[in-house]
Amino acid sequence: MKLPYSRQTIGEDDIREVIRTLKSPFITQGPKIAEFEKALARFCRAKYAVVFSSGTAALHSAYAAAGIGEGDEVIMPALTFAATANAALYLGATPVFVDIDKSTANMDMRDAKKKITKHTKAIVPVDYAGLPADLTVCRALAKKHKLILIEDGAQSLGAIYKGKPVGTQADMTMFSFHPVKTITTGEGGAVVTNSKKFYDYLLMYRTHGMTKDPRKLTDTTKAAWHQEMHMLGNNYRMTDIQAALGVSQMKKIRTFLAKRHAAARRYFSLLKHIEGLTLPPRSSLASSAWHLFVVRVDKTVRDMVFETLRAKGIGVQVHYLPVYTHPYYKSLGYRGTQCPTTEEFSASALSIPLFPNITYREQSYVATELEKALRKARF
Ligand SMILES: Cc1ncc(COP(=O)(O)O)c(C=O)c1O
């Protein structure tokens, strides 16, 4: 059996939609962008959504909209994909890494509080594996210290926090549409927000800092061709081909989420009796999008279990190395043992295959092989 840790779910309906756009007059900057943004905003119960060429582009743009720049500090968990931190570096800011809370694998808010200084500009909780961070506490902290709250929801589109969809709590929430995420556009990302100010900024930043909006032009005497550059932006536009796929995927998002939930429940029952295995955290405040199913094993045997499962065709993964332990971050002066709980978690974590169409037979195979691998590693 050959099983990836995750894979996209693409149907004939998705393919038809993409082909329709390929045959249409617009393959970029056409009507599908607005349609996708409207569907996302409605789903997240947010006023505005802006889509981007990737989740990283969306994060970079959100940080820029927050006014993050030279000399600013941005607080984030060390247990995340490097993009969360890289987007701060692009703007000359300093990522400040916070430890995780062992019970959720999300940012430890007590540690976050300790790391706030007069240079802190923003706080970025990451919804690890699809489980929302403690957003109420995060919001209170942001309010008290006048910080912008940017949620890295790359993994949590469709998760629920205190009865509300992710995307309603932070000043801006970013999503990723990489193939392993809740929905995919190949590559792609979005920011949702209720702030008109951030929305306007994000739209301009996405397309070189240029605008044609007559209300924003400094010179209104020119004909309709006239557009002005008001800031240094990027080309972070998503194509209509991608957005057509996004619109089609959004129609099925509730089915994708229900299937992920069912698969997670099946793993809990298949794995609960296995000795030496810690199952993923769950929270009474939130319902996960079940992006990843991360189990933990003793760190002395983790790599052996990893290799044994890979040899059996099971696409296990490790999410993540603490960001500051990457050689590039070390070269910037970051040192180890800043976040002991993150380091402990990272050394023992193992993501096992989870995606909407995984079958019961495939999950049983993973459970059986995982149990065997653990037994083999112990003797
Ligand atoms: C937590 C987190 N942040 C940011 C990103 C970046 O998103 P993208 O790959 O769409 O650029 C990812 C993607 O894997 C992620 O998991």
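How many salt bridges does the rule find across the interface of domain 1 and domain 2? The rule finds 0, counting a side-chain nitrogen of Lys or Arg within 4 Å of a carboxyl oxygen of Asp or Glu. This is a predicted model, with local features needing pLDDT of at least 70, side-chain atom pairs counting only at pLDDT 80 or more, and totals for chains, interfaces and linings using all residues. Residues are numbered from 1 along each chain as its sequence is written, and side-chain values use heavy atoms, leaving out hydrogens and water.

**View 1. Domain 1 (12-250) and domain 2 (253-378) of the protein chain.** These bounds come from an automatic or database domain assignment. Taken over C-alpha atoms, the two centres are 26 Å apart. Here 40 residues of domain 1 are in contact with 34 residues of domain 2 (heavy atoms within 4.5 Å).

**View 2. The side of domain 1 that touches domain 2 includes residues from α4 (83-90), β3 (94-98), β6 and α8 (240-250).** Helices (H or I, at least four residues) and strands (E, at least two) are DSSP runs, numbered from the N terminus. β3 gives the most to this side, with 4 residues.

**View 3. An open sheet of 3 strands runs in the order β7-β6-β12, with antiparallel pairing.** Strands pair if DSSP finds at least two bridges between them. β7 (164-165) and β12 (286-287) are the edge strands, each pairing on one side only. β6 (residues 160-161) pairs with β12 over 2 bridges, and Ile-160 has Ser-287 in β12 as its bridge partner.
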